[in-house]
Amino acid sequence: MTAEPEQTMRAVVLDAPGPPEALRLRTLPIPRPAPGQVLIRVRAFGLNRSELHTRLGLAEGVVFPRVPGIEAVGEVAAAPGGEFAPGQRVATMMGGMGRTFDGGYAEYTCVPAAQVIPFTSDLDWAVLGAIPEMLQTSYGSLTVGLDARPGQSILIRGGTSSVGMATAVLAKQRGMTVLSTTRSPAKAAALTRLGVDHVLIDDGAVATRVRALLPDGVDTALELVGTPTLPDTLRATRIHGVVCFTGMLSNQWIVENFYPIGYLPRGVRLTAYGGEADDLPAHVLQGFLDAVAAGTATVPIDRRFTLDEIAKAHAYMESGAATGKLVVTT
């Protein structure tokens, strides 16, 4: 006898903004992909601040009820258009996942084929689940946002976030001098282990200490905290240096009464980065996975959870205690 295919799945549903307990584990029908879509059997997914924003009601364009989750890794279950073979290991991210359509907090997710990236790897699913959005954001910030060059210096503001730690890894691979901040002295050793050259304890004002190390200022800076620290990050950057605004760990992203001439130091350039799946080429993802397997790159995972522990995982993310990525396996 041939076994009947699965018809239902476990999924996390958010009916409306609320506390971590608002994330409810339910049984839902498995989505049916149309041509041009890919059904993925989700094996793991990383947690992201944007999902916290969704749960808190801070994200725009979210329609409830919703299965959250802007990324996932797993195996192709079906691709009616023939873009991928069943069983192919893939990653997916962004493109409206978890906001305008159901995302990765489930045993299956259905996404447009254009935002699916194939890879080959025998790494543990939890390790694989930590990588896609973290790597896409770090790689995109360095390339699109900063146009970073080998030998340059970089200040990473919010260095013990998952993106901050991944950026440190990528920057050191490029031969850059890395300065990273953390508000917690207890987290400094984690940055040193990644190869960070200078760890700065962040009290809100690090520009003076940056210039004590590099009198002209850093060549590039990645702002992951948000608008509260952005002016100080700009002051830490040299003339013709570039600051890329990528993250909002502070949940503050609006500059009130912005007057460019008064706000921007003379000659310092401010850019921003918010990317999509196509900002992470398949060869970049594969190269990073191969480097992790070879032991020449590190995936900064703080803690692993199961799907049943999603409320606990969100509470931990919201606490700000994590050093690195939080991952959920299904």
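In α3, the buried residues are Pro-132, Glu-133, Met-134, Leu-135, Gln-136, Thr-137, Ser-138, Tyr-139, Gly-140, Ser-141, Leu-142 and Gly-145. Buried means under 20% relative accessible area, exposed means over 50%, and partly exposed is in between, with a 1.4 Å probe and protein chains only. Helices are DSSP runs of H or I with at least four residues, strands are runs of E with at least two, and both are numbered from the N terminus.

Before I go on: this is a predicted model, where local features need pLDDT of at least 70, side-chain atom pairs count only at pLDDT 80 or more, and totals for chains, interfaces and linings use all residues. Residues are numbered from 1 along each chain as its sequence is written, and side-chain values use heavy atoms, with hydrogens and water left out.

Back to α3, which covers residues 132-145. Because 12 of its 14 residues are buried, this helix is largely enclosed by the rest of the structure. Just after α3 comes Asp-147, with a positive phi of about 50 degrees.

Now the salt bridges. The term means a side-chain nitrogen of Lys or Arg within 4 Å of a carboxyl oxygen of Asp or Glu. By this rule there are 16 salt bridges. I will go through some of them.

Which residue does the side chain of Asp-308 meet in a salt bridge? The partner is Arg-10, at 3.0 Å from N to O. This pair links distant parts of the chain, 298 residues apart: Asp-308 sits in the loop between β14 (301-306) and α10 (310-319), and Arg-10 in strand β1 (residues 8-14). Asp-308 is exposed, at 53% relative accessible area, while Arg-10 is partly exposed, at 27%.

Next, Asp-197 and Lys-172 form a salt bridge, with their closest N and O atoms 2.9 Å apart. Here too distant parts of the chain are linked, 25 residues apart, with Asp-197 in the loop between α5 (188-194) and β10 (198-201) and Lys-172 in helix α4 (residues 162-173). Both ends are partly exposed: Asp-197 has a relative accessible area of 37%, and Lys-172 has 30%.

The last pair is Arg-235 with Asp-232, a salt bridge of 3.6 Å from N to O. Both residues belong to helix α7 (residues 230-235) and lie three residues apart, about one turn of the helix. Is Asp-232 buried or exposed? Asp-232 is buried, at 5% relative accessible area, whereas Arg-235 is partly exposed, at 47%. These two also belong to a network of salt bridges that links Arg-157, Asp-202, Asp-232 and Arg-235.
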